[in-house]
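Subject: Structure for your review

Dear colleague,

Please find below the structure that I am handing over to you. I would be grateful if you would read the notes that follow with the structure open beside them.

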Amino acid sequence: GARVIAAVIALFALLPTMTLLRELPWPAYLVLVAALVGFGWHRHARSARVVTRWRAGNRRKSGVASTLDIARTASAMAMRRRATTVRPSLAELTPWELQRLPVREVGLQLCRSGVTNVYASHEDVVMMVGGPRTGKTGEIASMLLDFPGAAVATSTRTDLLTICGPLRAERGPVYVFNPVGLGGRPTTITFDPLTGCADPITAAERATDMLSAAHHDRAGGDRQFWDDLARANLAALMHAAALGVGLSMHDVQAWLAEPEAFESVILSLLTDSPERGFQNAVVQFLGTNERTRSSITTTISPALQWLMHKPAREAAWPVSEGGTPFDVATLLAQRATVYMLGGE
């Protein structure tokens, strides 16, 4: 509210200032210029001053980007300037071709500010927060249709698949991963949990993920003790199945149900493993008392309950049983779209 007052005072000060400047000798002008240069260097060339200036600017703008901020970081020109970083393959284009490049090839339009479109680069993370029926699905559908490369779209509904599936199919293959059977949509791309488990580290990580998902609501007591034992044994069984030929998670489930009946099979598969700890874990599991073994089995069992759910089993068919593997390199090369459907 003081800007008008400041402007009036400045007008009154203008006449005596001009009179004073006319009367000054020329050396005084040199001193004045040197002082202005020194002030400018002190304000703009030192890191602390730059940070202070930016902080003051943010306070003045209340955290809202100015037109200059948008032009510098989120305009069409800014997106094209970052094009070769976001997509190195575009480095072959000439500067003229880059300026004619459609912005959707390197960024997604977020909104319009005045006459300026505001974009987010493809390497940025965009989060939208809104209540029901505020247009979130339509906005995501627009972004998905504009996106030039391969995409993975996750949803708890089939809306995105219905809206965008036919149009994305014009760009590349469209696959559905639907382990919960949402909307009766069949799964057309599968993920076998044993994929990569021939590597001991992958087997351990996969077992950890499966058990964490099954016991995310458990807390307290002896949880950590039993979880550690369950993780080691499930990882060992999955690793053994991955080392075999034509084996699947059904075999892992059968081994867990009757470990003594399959002891020789499991240990013979683990002889080829580079990780001896898995073999020791199985030997310890089989040699422990019935009560402890039952507790370990009970801890592992919830992580395998999906094998009794038909849509989940179909989403995890191995290649040996007709599954279509989820291969990232192939999906990227094909510019494919994968719709992953699931419950909340």
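Helices are DSSP runs of H or I with at least four residues, numbered from the N terminus. Please bear in mind throughout that this is a predicted model.

Trp 26 lies in helix α2. This residue counts as exposed because its relative accessibility is 62%, and the cut-off for exposed is over 50%.

The next topic is the sheet. Three strands make up an open sheet: the 3 strands follow the order β3-β5-β4, and their pairing is parallel. At the edges are β3 (151–155) and β4 (174–177), each of which pairs on one side only. From one strand to the next, the twist averages 20°. Helix α9, residues 159–168, packs on this sheet and touches β3, β4 and β5. The direction of helix α9 makes about 165° with that of β5.

The pairing can be followed strand by strand. Strand β5 (residues 337–341) pairs with β3 in the parallel sense over 5 bridges. Within that strand, Thr 337 is the bridge partner of Ala 151. β5 also pairs with β4, again in the parallel sense, over 4 bridges. Here Tyr 175 stands opposite Val 338 in β5.

Is β5 largely enclosed or largely open to the outside? Of its 5 residues, 4 are buried, so β5 is largely enclosed by the rest of the structure. For this step, buried means under 20% relative accessible area.

Finally, I draw your attention to one residue in another helix. Ser 294 is found in helix α15, which covers residues 290–300. Ser 294 counts as partly exposed because its relative accessibility is 39%, a value that falls between the cut-offs of 20% and 50%. Along the sequence, Ser 294 and Glu 258 are 36 residues apart, while in space their C-alpha atoms are 11 Å apart.

Yours sincerely,
Your colleague

Definitions and conventions: Residues are numbered from 1 along each chain as its sequence is written. This is a predicted model: local features need pLDDT of at least 70, side-chain atom pairs count only at pLDDT 80 or more; totals for chains, interfaces and linings use all residues. Side-chain values use heavy atoms; hydrogens and water are left out. Two strands pair if DSSP finds at least two bridges between them. Helices (H or I, at least four residues) and strands (E, at least two) are DSSP runs, numbered from the N terminus. Axes are lines fitted to C-alpha atoms, for helices over the stretch in contact, and angles run from 0 to 180 degrees between N-to-C directions. Contact means heavy atoms within 4.5 Å. Buried means under 20% relative accessible area, exposed over 50%, partly exposed in between (1.4 Å probe, protein chains only).
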